[in-house]
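Me: Got a structure here I'd like to go through with you. Can we start with the strands?

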Amino acid sequence: MASGDIQQHTRDLLDTLSNSLVLHQTVPYLPVSSLLNLAAASRSFRDLLRHTPGVFRQLDLTHVKTAQFDIDGIDHGGEVWRNVQLDENLTEDDFYSGPLRGIFHNLRRRHILEDVQTLVLDGLSVTAEFCNDILVDPSLRVRILSIREVKNLNEHRLMQSLRYACRPTRPEDMPRLRGLYVFGKKDAPALPAAKAPAKQVAPTTRGAHISSGWNNKSQHALKASIQSEGDDWYQRRGRIIGKPAIAEGWAETLLDCRDVIRFDAVLCTGPRHQNSPAHGKVPVASARTTAEGPWGVATFALGGCASCGSAPEGFTVYGETPAEDLPLLSPIPRHASTIKAATRPNANAGGGAGAGEGKEKHRFVPRCLECIRERYCFSCDQWWCESCYQVPSRDELTAQHVHIVDETSGLMDHELAALEPPKVKTPKITRSCWECEHNCLDCIATTQKRCRACGGGYCIIHYEGSTNTLCDWCSTRGRQFRGWH
């Protein structure tokens, strides 16, 4: 391409990006390395990017190579430290947060760091001390921070920093952080645009081109399917936070930071917790008693009860529930760094955000696992609330229908006792397969079968090779017999 054509394209690009609307809609989709390379292209681009407010508002370091930390540990018998020359005064925090601190030093020197309002560090090595520096540094303006699935994070120290930063005696306008993503999974990387297949393909490579084309189509179909599920909490049902266990103390941290910092999780509103509107109003006796605190972090989003269509504590409704009780939603908003944008559900998924006619409200029931234990079906996502269903106790499950007959009116009493309903209760939720979670009776009837050949029970989901009439062993043996004959 001639130099004149290059200069013409450069002028066209500069004129296009000089439109503030185009610039602000384009910049959030570019990595910081591309912005720096563009600023280094010419003085005009540098002045445009450095002097336009909001260009470096969002900083995503997830895919920056220098920010990666692939070392597993520092105390594996000296394996990591043996071949590395380190300062004796180097602390563990300096070691694990070294890559990010180096990037922050370079960005601060370029006067870029003070413009960042949304900071994404998902999957990187992030320490609690590094997060504390972001909280207390008055020169930073980070309002939304994402540290999902990070490494080397001491959650208990992070809780202490958050609770101290949100103390009643904190300085005015501090902390500047307003939203913290820490519980959920990091956002999936954006897939490249689908490419049209070549018109002429060599016969030797035609099969490879076909496979590549179908691979591309399947990836975009999966992305469209994930996007059609809607927002977490409001449209999805079931387990939202996939962590195997929430560290102790997070519920109290969410409560202490309620008026200052929002999180991508909310407190459970089940009647067994003190923050629930239904606390003390409905019985919460369960067949399994656990030692738990007065608060809990919700990990499930439920719809209405399968019997009454509601819940004892009511729904969490966007636009009606206090803003402090709404969770941050994924993905992180690109074009704004406000809590309003981070908590607003997608109006095109499910129903409108308002209560307009013909549109469903965005609502859900936040519950922790203990509050739906033996009440929730993991297959069909149905559940039964405390007002409609009481989980049978162990005595009620094992009670026997026994009646003692005396000598005088024994026959009459025996006939009347036979007409009484049995005292043994049948639970609505049970576990019939070791690999299945707790399911309702309807789902169990669909997935649990009895083999017509051997008479044994089996699960059609986890017994690979089984059919609706034969278990996996009998089905395989039948095929072998047919092969022999």
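Reply: β5 pairs with strand β7 (residues 300-302) in the antiparallel sense, over two bridges. Strands here are DSSP E runs of at least two residues, helices are H or I runs of at least four, and both are numbered from the N terminus. Two strands pair if DSSP finds at least two bridges between them. This is a predicted model: local features need pLDDT of at least 70, side-chain atom pairs count only at pLDDT 80 or more, and totals for chains, interfaces and linings use all residues. Residues are numbered from 1 along each chain as its sequence is written, and side-chain values use heavy atoms, with hydrogens and water left out.

Me: Which residue stands opposite G238 in β7?

Reply: A301.

Me: What's the strand order in the antiparallel sheet?

Reply: β5-β7-β9-β8, four strands in an open sheet. β5 (238-239) and β8 (316-317) stand at the edges with a single partner strand each, so one side of each has no neighbour in the sheet.

Me: How many bridges join β7 to β9?

Reply: Three, running antiparallel. F300 stands opposite R367 in β9. Two bridges join β8 to β9, also antiparallel. There, T316 stands opposite F364 in β9.

Me: Why is β9 called largely enclosed?

Reply: Because four of the five residues of β9 (residues 363-367) are buried. Buried means under 20% relative accessible area, exposed over 50%, partly exposed in between (1.4 Å probe, protein chains only).

Me: What about the parallel sheet, which order?

Reply: β1-β2-β3-β4-β6, five strands, open. The edges are β1 (58-60) and β6 (262-263), each with a single partner strand, so one side of each is left without a neighbour in the sheet. β1 and β2 are joined by three bridges. L59 has L119 in β2 as its bridge partner.

Me: Switching to charge. Which residues make the positive patch?

Reply: R43, R46, R50, R109 and R110, on the surface. Like charges are joined within 9 Å, with the place of an Arg charge taken as CZ.

Me: Which helix gives the largest share?

Reply: Helix α4 (residues 43-51), with three residues.

Me: And where is R110?

Reply: In the loop between α6 (98-109) and β2 (118-120). R110 counts as partly exposed, at 37% relative accessibility.

Me: Last one: where is L441?

Reply: In helix α14 (residues 441-447). L441 is partly exposed, at 42% relative accessible area. L441 and P427 are 14 residues apart in sequence and 8.6 Å apart in space, C-alpha to C-alpha.

Terms used
Patches are made of residues with over 30% relative accessible area and no salt bridge: like charges are joined within 9 Å, nonpolar side chains (Val, Leu, Ile, Met, Phe, Trp, Tyr) within 5 Å. Accessible areas come from the Shrake-Rupley method with a 1.4 Å probe; for residues, only the protein chains shown count as cover. A salt bridge is a side-chain nitrogen of Lys or Arg within 4 Å of a carboxyl oxygen of Asp or Glu. Lys and Arg count as positive and Asp and Glu as negative; His and the chain ends are not counted.
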